[in-house]
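Please keep the sequence and the model at hand while reading.

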Amino acid sequence: MNPQRLLSHACALAAALLVVSAASAGDDARSLDGPTGDMGSEASGTTEGATETEGEPALAAVAPDGPGAATAEGSGQGGAKKHRTPPKPRRGGVNPCMTPDPGWGKYDKWKNVAIGQMVAPHKGGLTKSGGFDLLVHFHGHEPIRKEFIKSADGMVLVGIDLGIGSGAYQNVFAAPTAWKNLVASVEATMSKKSGQKAHVRKIALSSWSAGYGAIEQILRQPAGNDIDALVLLDSVHAGYIDEQKGTLKEDQLQPFVDFARRAAKKERFMFLSHSSIQPPGYASTRETAAFIVGELNGKTRKATRLDVLGLDMFTRFDRGDFHVRGYTGDDKPDHCAHIGLMTSVLKVHLQPRFKTPRAR
């Protein structure tokens, strides 16, 4: 089996819980915890040519009040009680896989497009000529919508869920017509909504977990030249040539390396986060992030910062408009928590870069 399609081994429960959250937000959150390794003590080199990202907040704002991850205590056979290990405490008391819903703000509710669903501002978000900015997110459309709404002010969001493994995303977007039809569908929907001919102006692609499979395919196509920004939230994996030696299948990462090089020159923008989860049989997001930084002849440096939803940063890399953030934690809530980074990425990086017309 293609190692890239084994993502479900590490992410299936987390992704399934996010689907449950979208379908029935009132259900009790389930504990998805596993053992957590102390990754913060591992040494990293100094970042070559890197500086603190100017104006970047600590991302440590207090999370909204909400229920913490529930602990389950069920009955086993013969009436004996079965005890589960309680989840580790999360800062702010919020289960990252079941975050509170902030509502819809200045945005309409989901509307179907060619693939997935979109949300657009009630009004505004368009230039005089009908241009609008678009963020297309792969994997976890409802969780990302919750973060998007907190800081977006005019950008259009499309959310796409095609399955748990990356193969589902690769298969659909391997055909260039899939992306072309999606963009055309969003433009048609915005034209109908605004009463004028609307067109996409700036495009950002984002993914969590298995969603990177779609982005890899789009970047390999001519349409990849139209992508201005990437936001990859614990989301890039690769197969091994030799797992014992940790030798990666570099060709699978080449589109991301090429984009990172352009971002480092400030021709594009790229934000990449990774956890310390080690999946079975294929490379972790930590390994792929290190590979991409290495291809730029860079070195990460140590960092200590408390971020959203209990994330603890231990390493970072910054060059131009290419930013990498590394976090400890190897359980499912740690994986889900990376979605919470989107709020600040939008506010600090994407919206100032795009200069999106404001929503009304």
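## Basis of the description

Axes are lines fitted to C-alpha atoms, for helices over the stretch in contact, and angles run from 0 to 180 degrees between N-to-C directions. Helices (H or I, at least four residues) and strands (E, at least two) are DSSP runs, numbered from the N terminus.

The model is predicted, and local features need pLDDT of at least 70, side-chain atom pairs count only at pLDDT 80 or more, and totals for chains, interfaces and linings use all residues. Residues are numbered from 1 along each chain as its sequence is written, and side-chain values use heavy atoms, without hydrogens and water.

## Packing of helix 2 and helix 9

Helix 2 (residues 141–151) packs against helix 9 (residues 342–354) at an angle of about 45°, and their axes are 8 Å apart. Helix 2 is therefore oblique to helix 9 (angles under 35 degrees count as roughly parallel, over 145 as roughly antiparallel, 65 to 115 as roughly perpendicular and the rest as oblique).

Helix 2 contributes Ile144, Glu147, Phe148, Lys150 and Ser151 to the contact, and helix 9 contributes Met342, Thr343, Leu346, Lys347 and Gln351 (contact means heavy atoms within 4.5 Å).

Asp153 is located in the loop between helix 2 and strand 6 (156–160). With a relative accessible area of 16%, Asp153 is buried (under 20%; exposed is over 50%, partly exposed in between, with a 1.4 Å probe and protein chains only).

Leaving aside neighbours within four places in sequence, Asp153 is in contact with Lys106, Tyr107, Gln351, Pro357, Arg358 and Ala359.
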